[in-house]
Amino acid sequence: MTVPLFAIVGHPNKGKSSIVSTLAQDESVAISPIPGTTVDNRYYPMVVDGETLYALVDTPGFQRARAVLEWMQKQPGSTVDRANIVRMFVEEHHDDLRFAAESSLLTPILDGAGILYVVDGSRPFGEEYEAEMEILRWTGQPSLALINMIGDADHSEEWHSALGQYFRIVRIFDAMTADFDKRAQLLLAFGQIRQEWRDSLEKAVRILGEEQQRRRQLSARIIAETISRMISYTRQRNLGHDEASSEDRDTLQKEYKRELVSMEQQCRSDVEHIYDHKHLERHEPLVELLEHGLFAKQTWKLFGLTRQQLIASGALGGAATGGVIDLAVGGASLLLGAGIGAMVGGVSAWVTADRIADIKIMGLPLGGKQLSIGPMRNINFPYVVLNRALYHHRMVEDRSHAHRDPLILTQTPGWLQTIDADHRKRLEKTFVNLRRQDSLLPELVDALAEEIQKLMELSVGETT
Amino acid sequence: MTHSSLIGDLIDLNSALKIDGATDAEERKQRDRAIGQALQQRRHSPPNQLRSWLGRVRISDWQRQGHHAVQLYHTLCVILLFTGLVTGWGLARAVLHYTGNTPINIVNALGLLVLPQILLLLFWLLAAIPYRIPLFNALQSALRFLNPGRLARHLSRLFPLHSRQSLSVVWETEYAAALAPVTRWLFSFWSQLFALCFNIGVLLAAFYTISFSDLAFAWSTTLNIDTTTFHRMLSVLSWPWHALFPDAVPGPELVEISRYYRLDDGSLGNGAATAELAAQLGQWWPFLVTAIVCYGLLPRTLTLLISWSRFRHHLVHALPRLKGSPELLARMNSPLISTSAPRPETALKLDEESGHEVSASARYGLRCAVIDWAGTGADRERTEKQMQSMGISPQELLAAGGNRTTDQDNETITSLCHSKTDGIAVIVKSWEPPLLEFVDFVHAIRERCTRQQPIIVLLWGDQDGVSKQDIETWQLTLHQLKDPDLHIEALGPVR
């Protein structure tokens with residue numbers, strides 16, 4: 001079976017390269033408003049573990065179609081000879097710079113490529129297209145016309161009528177906004193051109209679907225890790241004996257926010273890399289709610305323990321010692337020993353803590369005042385971060401590689417407000433657990449990643 | 001697969017993934033897929049697959065540092081082992097110190113060698129519970145923080161930087177999402193290793209003292225505890241082994257004769273320290289040793305094993321959770337898909353300096369022949385008005401391009417050459433880019449008409465007006481002709 005080969009042909013500047021870039025998910029394809037940017041045929045094969053499933057050929061646009069058609073029409077021969085006449089043209093003009101574009105674009109078609117003829121459906125049909133379409137008809141190769149909607153106006157009806165006279169299949173496709181499903185549908189439509197290519201294209205779509213799923217899974221994991229780190233992030237500054245000044249608090253707060261913003265930005269960049277958007281310029285407002293629920297607290301620590309923890313440890317030690325006495329009297333003290341021991345231990349820890357904190361070992365005090373900020377207590381914070389991350393993911397997942405404009409993320413839709421109670425409950429539980437722990441538990445991150453992946457599927461359903 | 005080699009692999013994998021980020025994405029995909037295909041049989045065991053990947057991958061600028069971490073880990077283990085033995089030995093020798101004057105107080109020995117162990121064991125259990133118990137939250141945090149195993153982390157500061165830095169990955173907060181349980185169980189393992197060695201030290205010292213000197217035990221306390229109560233307490237304490245080692249359970253007689261008061265010059269019973277009494281008082285040692293074994297050595301062996309096993313378990317499970325591991329596994333186990341062109345595209349470079357300025361208010365003051373290129377469909381009356389406003393007075397209307405033949409175009413050029421007008425205005429669709437056949441047409445005019453007339457290309461933009469981008473496209477393309485008398489103007493509003 002031959003590998004399905006598709007030559008993307010058409011007038012210059014009608015989005016041929018955009019379609020190739022979208023389907024090949026290759027942001028290196030040169031897309032320019034200047035006609036003739038594509039100077040030679042470029043092959044974009046879909047190769048899976050060494051097996052080529054199909055290939056796209058981006059071709060230069062027609063430049064002198066009328067002259068070419070006139071040359072062909074002047075050649076003797078009947079309708080059945082037309083394909084040979086086209087071949088003759090290419091052979092004769094192979095080195096003729098005047099017809100370099102036409103020779104290039106016709107070569108893969110003569111080699112058996114299916115024709116994907118691309119027009120701009122947002123602009124009216126013009127008589128200058130007729131020569132191009134006639135030449136393609138002469139090749140006798142199976143073909144499909146794609147109406148690429150580049151602008152806002154809609155002339156697709158007009159184009160449908162014109163293209164219908166030359167092409168059996170006519171489809172509308174917006175290379176800039178096509179999401180994964182639409183791209184997959186288009187690939188499957190290519191199978192309509194030639195029956196024997198269908199299996200290969202179906203396999204390609206299935207593999208791309210699996211790849212898409214993997215990308216979602218990896219993105220969900222990255223988002224879960226980021227949110228977990230953002231929720232549990234704390235920052236401290238040792239003060240010694242001094243009281244925290246407002247400058248100390250401001251500085252710590254700024255450092256804290258900067259770190260959270262940096263975590264979020266890193267997450268964005270990682271997700272974009274997963275989808276092969278390596279040079280994406282992004283505009284996104286900073287995460288809100290950073291101002292709320294953020295207060296730098298002055299705490300006291302000894303051996304790294306807060307006063308509360310220290311008292312708890314002292315009380316437990318005292319209780320254990322008192323318990324020995326209870327045990328000694330065979331329980332006749334009605335656990336009075338443990339109770340008194342706990343009290344004595346706790347009070348001793350409270351009373352002596354400051355003095356111990358002043359002791360210096362190798363010049364460093366054992367304890368003292370500490371200014372700390374975080375973890376973020378605002379209960380809406382993880383939801384806001386998650387919503388933003390899901391929105392960004394969705395935009396990146398659907399973003400065509402033909403898009404060269406910056407990614408603008410200004411209006412985040414409130415997907416999370418619409419999720420059902422079960423999802424919300426599971427999310428809330430995970431967030432609460434994440435906030436509660438001293439350190440991150442990988443199981444919680446796993447659980448969050450799983451939940452996020454489900455939300456990604458839901459958000460796809462919401463918008464499609 | 002030892003856990004020390006796992007530590008080494010964890011450190012190596014982490015550093016490899018970090019450095020590998022700089023490798024070209026396409027190169028990584030191909031390399032990892034090739035390794036993944038060779039490791040297909042390990043596909044269902046991600047940790048094993050990752051470890052095998054380490055053995056096969058070659059990354060420039062990456063040096064395996066794991067062995068430094070393993071060395072440091074082993075050194076710290078040895079230090080803790082030695083410190084445990086020494087402190088256990090020292091404490092036991094101090095507790096069992098007997099000069100022959102005052103017998104060794106069994107209450108003291110139990111208080112220092114057995115009871116703290118029970119207490120610390122309870123602490124360990126409380127800290128080992130993975131989830132927080134309400135009301136005990138602060139205590140659990142404190143106990144985890146006070147874990148003596150953490151001291152080993154501080155000890156690591158005494159070692160060379162490369163070793164210290166490599167092992168510190170295990171406890172740095174940056175990696176907490178993947179390694180928090182590893183850190184916790186590593187500290188637990190170290191603390192239990194110390195505790196086990198401490199008990200071994202205690203027992204060795206006890207056996208040494210018992211073997212090479214005669215010891216006399218007794219019990220003494222200020223508390224109002226009679227011999228029956230004390231015996232009951234000892235019976236409770238020795239309940240775990242009373243069936244197995246009945247000789248190691250002190251009987252009521254032994255308890256009775258072993259009580260002493262320092263007020264009474266440390267004398268026992270009737271005050272006569274006979275050889276028989278000395279032998280009887282020496283019978284306490286099996287009880288003391290069994291208590292240390294039962295409440296120290298055995299539980300610590302168990303906690304050490306638990307800590308070791310949990311540490312190892314979490315080490316294995318941390319490998320696929322390291323930053324970059326899920327992506328690496330995906331690269332290894334999913335088909336290598338390539339949809340892009342094998343070589344980067346070399347786009348045509350145009351001279352971008354445009355010599356044509358569009359001026360809506362341009363006044364040409366020319367009588368022009370007007371050519372409608374490729375059937376623009378522009379409204380004649382309106383375009384004429386717009387041309388008039390630019391100082392272009394249309395004289396005759398001709399057509400070229402589109403579905404006309406090139407011969408017809410040539411005829412148009414012939415009439416142009418013969419016309420008496422001052423210039424040529426060509427109306428084109430602004431949204432259609434200038435093709436080479438249009439450039440040919442302009443060239444042909446210049447070649448065939450001896451008179452150099454200004455050519456004004458008028459961009460017509462339908463109802464939407466002319467976009468700036470279209471103007472730029474036309475300017476850039478026609479600029480390549482380097483024709484000083486070629487002008488480009490927008491016919492109608494520019495958007």
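In strand S5 of chain B, Ala399(B) is the bridge partner of Asp372(B). That bridge belongs to a set of eight joining S4(B) to S5(B), and the two strands run parallel. Here, helices (H or I, at least four residues) and strands (E, at least two) are DSSP runs, numbered from the N terminus. This is a predicted model, in which local features need pLDDT of at least 70, side-chain atom pairs count only at pLDDT 80 or more, and totals for chains, interfaces and linings use all residues. Residues are numbered from 1 along each chain as its sequence is written, while chains are lettered from A and ligands numbered from 1 in the order in which they are written.

Zooming out, the strands make up an open sheet of five with parallel pairing, in the order S5-S4-S6-S7-S8 of chain B. Two strands pair if DSSP finds at least two bridges between them. Strand S5 (392–400) and S8 of chain B sit at the edges with a single partner strand each, so one side of each has no neighbour in the sheet. On average, neighbouring strands of this sheet are turned by 25° against each other, direction ignored. Axes are lines fitted to C-alpha atoms, for helices over the stretch in contact, and angles run from 0 to 180 degrees between N-to-C directions.

Helices pack on this sheet too. H16(B) lies across S5, strand S6 (423–429), strand S7 (455–460) and S8 of chain B, and runs at about 135° to S5(B). H19(B) touches S7 and S8 of chain B, and its direction makes about 170° with that of S8(B). Contact between two residues means that their C-beta atoms, placed from the backbone, lie within 7 Å.

Two loops of chain B hold residues with a positive phi. Ala374(B), in the loop between strand S4 (366–373) and helix H16 (380–389), has a phi near 60° although it is not a glycine. Ala374(B) counts as buried because it has 23 C-beta neighbours inside 10 Å. (Buried means that 20 or more other C-beta atoms lie within 10 Å of a residue's own, exposed means 12 or fewer, and partly exposed is in between; C-beta atoms are placed from the backbone.) Lys482(B), in the loop between helix H19 (468–479) and strand S8 (486–491), is another non-glycine with a positive phi, about 55°. Lys482(B) is exposed, since 9 other C-beta atoms lie within 10 Å.

Next come the nonpolar cores, meaning sets of buried Ala, Val, Leu, Ile, Met, Phe, Trp, Tyr and Cys residues joined through C-beta atoms within 7 Å. The largest has 120 residues, and Ile106(B) and Trp190(B) have the most contacts inside it. Helix H10 (residues 176–212) of chain B gives the most to this core, with 21 residues. Beyond its neighbours within four places in sequence, Ile106(B) is in contact with Phe217(B), Ala218(B), Trp219(B), Trp284(B) and Leu288(B). Apart from this core lies another, of 62 residues, including Phe99(A) and Tyr129(A).

In chain A, helix H1 (residues 16–24) is mostly covered, with nine of its nine residues buried. The cover includes strand S1 (5–10), strand S2 (42–48) and helix H7 (180–190) of chain A. After H1(A) comes Gln25(A), with a positive phi near 50°. Ala7(A) has its place in strand S1 of chain A and counts as buried because it has 29 C-beta neighbours inside 10 Å. Leaving aside neighbours within four places in sequence, the contacts of Ala7(A) include Val57(A), Leu105(A) and Ile115(A).
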